[in-house]
Amino acid sequence: VDRAEKSAQFMKRLINEVSASTSLESALEQMDWERVDFSGLLQGKADEFQDMHPDIHFNVSTAYPVFVSCDVHRILQALDKLIDNAVGHSCGKHPISIRLVKSRAAAILTIANRGEPLIGDTQKIFEPFVSHKQQSMNTGFGFGLYIVKKILEAHGGAVSARCLRNPEGAEFTVTLPLLPASLEAST
């Protein structure tokens, strides 16, 4: 009975994640675009995680302001998944680094943690059903980073990952197009 119950819970979680992924793809076709200061969204999300995880230090550095055109709900969803991923793979001894800079045409966000290293092809982690969590703690099905990638691509952006060494860890880089200066100045 216990095994059957665990199997049923497993299938329920799998169906929920697949359903969320399918719903996301249709939702990305109907986004609510608005002009927003990405640095403010990022700072708010980082503060939220700091409150949830007082034992982890978050080293946040943001350029102000960084205006982008986005669906705020979807961008917050992507930020939530990226920061949660950093927390989940962090050793806790080192701060999680969150850095936002502005280039001529893009907002460039890096989120880095020290702890579990990325193993293998770093591009595969953005595919569905791929997870680098240890089996003992694997509660997901590998949809989180896939969802992040789809959200960013729908915004004309991108996400990439690289393995860090000495100490080991991971760094994710997000790019989002900036609003043209003429639109940015209109606030």
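Guide: Contact means heavy atoms within 4.5 Å. The model is predicted: local features need pLDDT of at least 70, side-chain atom pairs count only at pLDDT 80 or more, and totals for chains, interfaces and linings use all residues. Residues are numbered from 1 along each chain as its sequence is written, and side-chain values use heavy atoms, without hydrogens and water.

Visitor: Leaving aside neighbours within four places in sequence, with which residues is Pro-65 in contact?

Guide: Pro-65 belongs to the loop between strand E2 (58-62) and E3. In space, 6.1 Å separates the C-alpha atoms of Pro-65 and Ser-39, although these residues are 26 apart in sequence. With neighbours within four places set aside, the contacts of Pro-65 are Asp-37, Ser-39 and Lys-102.

Visitor: Why does Pro-65 count as partly exposed?

Guide: Buried means under 20% relative accessible area and exposed over 50%, with partly exposed in between (1.4 Å probe, protein chains only). Pro-65 counts as partly exposed because its relative accessibility is 32%.

Visitor: In which order do the elements of the protein run from the N terminus?

Guide: Helices (H or I, at least four residues) and strands (E, at least two) are DSSP runs numbered from the N terminus. The protein has 5 helices and 7 strands. Their order from the N terminus is α-β-α-β-β-α-β-β-α-β-β-α.

Visitor: At roughly what angle do the axes of H2 and H3 cross?

Guide: The axes are lines fitted to C-alpha atoms over the stretch in contact, with angles from 0 to 180 degrees between N-to-C directions. Those of helix H2 (residues 38-52) and helix H3 (residues 72-89) come within 10 Å of each other. Residues making this contact include Phe-38 and Leu-42 of H2 and Ile-75 and Ile-83 of H3. The crossing angle is roughly 45°.

Visitor: What percentage of the residues in the protein is buried?

Guide: H4 provides examples: Leu-145, Tyr-146, Ile-147, Val-148, Ile-151 and Leu-152 are buried there. Of the 187 residues in the protein, the buried part is 39%.
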